[in-house]
Amino acid sequence: MASWVLSECGLKPLPRFYAKPRTGQAFLNSNPSKVRISRTSGNGYSFSLSSGFRERNWGLKVSAPLRVQPVEENKEEGKILNGDESFDPGAPPPFKLSDIKAAIPKHCWVKDPWKSMSYVVRDVVVVFGLAAVAAYFNNWVFWPLYWFAQGTMFWALFVLGHDCGHGSFSNNPKLNSVAGHLLHSSILVPYHGWRISHRTHHQNHGHVENDESWHPLSEKIYKNLDNVTKKLRFTLPFPLLAYPIYLWSRSPGKTGSHYHPDSDLFVPNERKDVITSTVCWTAMVAILAGLSFIMGPVQLLKLYGIPYAIFVMWLDLVTYLHHHGHDAKLPWYRGKEWSYLRGGLTTLDRDYGWVNNIHHDIGTHVIHHLYPQIPHYHLVEATEAAKPVLGKYYREPKKSGPLPLYLLGVLIRSMRKDHYVSDSGDIVYYQTDSQL
């Protein structure tokens, strides 16, 4: 008689302590056996094996729970979460920032202001060309094509202004500031206000509390949101229209505005820069108001308003999916577990098909997050050079068709399951609100 306890890990097989049985139908028929299974107290089962070979009874009692608890989905066991027992994405990487930097060719760090300006000229010519063609044809067959194309070009202008904010546009701060203000003000983005908050995002990427954009909500903050806010935050298309709201009032749990010099986002010596950008933004609003009197509000809506909305959707889609939506859950950090390198390695590259070149390879996001001073026209080469060092910490993006329509499915799946993270723990993963 033997008694075993069946744990959640399962029942291990008995060691082989008897001779290997002979094969053959005659032997099988000569050794009939019966198995009886009966329920025991304590939520277990008793298995009794009676063998007719020597007319002896063998008893095996097994105590097993009626229901085995499943492994919790949102623990720090990254190996279980990601289905790869050989790799834990939340573990400290075996390499340093200096190792990645050493692998990137030296010329990838060189900034060419003439090349950067050539991209500005290219995009501005396309923007005005599209507007001229749309105004000339002025028919409802052409307008939807124009809206998508022009909204995409507004997004391209934003990316160039984004490079100015990082200083990867050129080594000349004045050139960066002038170009950044012209590019961002034209699409209603306060250049310095955004530049400063975006710098905070890069310096704290992957940190639950300190990250600035698209950071996860803690469970406490999430559960204190009213139902309407929850629905709006996680139901399309509303998350794709969040950027203007973020500029005015930031994310839930944070206070301040990108337009106000006394906002929590800024320190006192940045006050002058913030005021300058807000004045430029106001000037653009005044220009648009004047144009509405000249060409009429409907025509301005068609030429500028709807493309602006498309641009906002591009911005929210791209920036969200660079930090969310991977097939395997990725960690977010707090406290001593966070580091600049570990936070940056949770970012994701994305392939956008034909749009890669149009929006200046912003999809090569991992290397950009770690080294934002690398110009956009060197990011692809720098990424390829760094891959052997990054190993499994680099997640190869899915190849896109001409248009990255598959990313809408990735976005929807993420919105359905990535809702909040635990209030405690230095390595946490997204959890799902099943009632949402």
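Analyst: Happy to! Let's begin with accessibility: buried means under 20% relative accessible area, exposed over 50%, and partly exposed in between, with a 1.4 Å probe and protein chains only. This is a predicted model, in which local features need pLDDT of at least 70 and side-chain atom pairs count only at pLDDT 80 or more, while totals for chains, interfaces and linings use all residues. Residues are numbered from 1 along each chain as its sequence is written, and side-chain values use heavy atoms, leaving out hydrogens and water.

User: Why is Leu 403 called partly exposed?

Analyst: Leu 403 has 39% relative accessibility, which lies between 20% and 50%, so it counts as partly exposed. You will find Leu 403 in the loop between α16 (379–390) and α17 (406–417); helices here are DSSP runs of H or I with at least four residues, numbered from the N terminus.

User: And what makes Lys 399 exposed?

Analyst: Its value is 63%, and that is over 50%, so Lys 399 counts as exposed. Lys 399 also sits in the loop between α16 and α17. Its C-alpha atom is 7.5 Å from that of Gly 353, although the two are 46 residues apart along the chain.

User: Which residues form the nonpolar patch on the surface?

Analyst: The patch consists of Phe 148, Trp 354, Leu 403, Leu 405 and Leu 408, with about 560 Å² of accessible area together. To join a patch, a residue needs over 30% relative accessible area and no salt bridge; nonpolar side chains (Val, Leu, Ile, Met, Phe, Trp, Tyr) are joined within 5 Å, like charges within 9 Å. Leu 403, at 39%, passes the area cut-off.

User: Why do Glu 270 and Arg 199 count as a salt bridge?

Analyst: A salt bridge is a side-chain nitrogen of Lys or Arg within 4 Å of a carboxyl oxygen of Asp or Glu. The closest N and O atoms of Glu 270 and Arg 199 are 2.7 Å apart, so the pair qualifies. This pair links distant parts of the chain, 71 residues apart: Glu 270 is in the loop between α10 (243–249) and α11 (271–295), and Arg 199 is in helix α7 (residues 191–203). Glu 270 is buried at 9%, whereas Arg 199 is partly exposed at 33%.

User: How many salt bridges does the structure hold?

Analyst: The structure holds 10. Another one joins Glu 219 and Lys 223, with the closest N and O atoms 2.8 Å apart. Those two are separated by about one helical turn, because they are 4 residues apart in helix α8 (residues 219–224).

User: What about disulfides: how many are there?

Analyst: There are 0. A pair of cysteine sulfur atoms would have to lie within 2.5 Å to count. As for cysteines, Cys 108 is buried at 0%, and Cys 280 is partly exposed at 27%.

User: One last item: what makes the phi of His 360 worth a look?

Analyst: Most residues other than glycine have a negative phi. The phi of His 360 is near 60°, a positive value. His 360 counts as buried because its relative accessibility is 1%, under 20%.

Key: Areas by Shrake-Rupley, 256 points an atom, 1.4 Å probe, with all protein chains shown as cover.
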